[in-house]
Amino acid sequence: MPRPTAAQLAYGSFTVIFSTLAMLLLSQTNSGLGIAVIACAALALGLLVSLTVPQPKTRARAAARTAVQTAVPAPVPAVPQRARVSVRRETVSAAAMSSAQPVRERSTP
């Protein structure tokens, strides 16, 4: 269990003191039982306040958080797709290959 911080101790103590005074002044009780009930209620309220004070970040938590953030890879930018070129395939006969015509390649637009 971690130790309470100075802020938690201060907020809890001030809450107990001021809530006890306020409840005693507002209730105007004279009995011992009433004072005990008010003191217990003030202690419970002080404990609640001190537990709700946010904890400071420790170095280990901060280091672990930055390690996790750096371990996540950045999104890869999308690579644009190349335009598709339709290719027409033709059968070539032996007679066509034996002719002296040069081979003409189709230029892509």
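This report covers the fold, the surface and two residues of a predicted model.

## Overall fold

The protein chain has four helices and zero strands. Read from the N terminus, its elements run α-α-α-α.

Take the contacts in the protein chain with a separation of 6 or more: 55% of them join residues 24 or more positions apart.

## Burial and surface

The protein chain holds 109 residues, and 10% of them are buried. Its accessible surface is about 10,400 Å². Carbon and sulfur atoms account for 65% of that surface.

## A nonpolar patch and Ile17

Four side chains are named in one nonpolar surface patch: Phe14, Ile17, Phe18 and Leu21. The patch covers about 440 Å².

Ile17 lies in helix H1, which spans residues 6-27. Its relative accessibility is 47%. Ile17 therefore counts as partly exposed, since that class lies between the 20% and 50% limits.

## Ser50 in helix H2

Ser50 sits in helix H2, residues 32-52. Its relative accessibility is 14%. Ser50 therefore counts as buried, as the cut-off for buried is under 20%.

What does Ser50 touch, once its neighbours within four places in sequence are set aside? Ser50 is in contact with Gln8 and Gly12.

Notes: Residues are numbered from 1 along each chain as its sequence is written. This is a predicted model: local features need pLDDT of at least 70, side-chain atom pairs count only at pLDDT 80 or more; totals for chains, interfaces and linings use all residues. Side-chain values use heavy atoms; hydrogens and water are left out. Helices (H or I, at least four residues) and strands (E, at least two) are DSSP runs, numbered from the N terminus. Buried means under 20% relative accessible area, exposed over 50%, partly exposed in between (1.4 Å probe, protein chains only). Contact means heavy atoms within 4.5 Å. Accessible areas come from the Shrake-Rupley method with a 1.4 Å probe; for residues, only the protein chains shown count as cover. Patches are made of residues with over 30% relative accessible area and no salt bridge: like charges are joined within 9 Å, nonpolar side chains (Val, Leu, Ile, Met, Phe, Trp, Tyr) within 5 Å.
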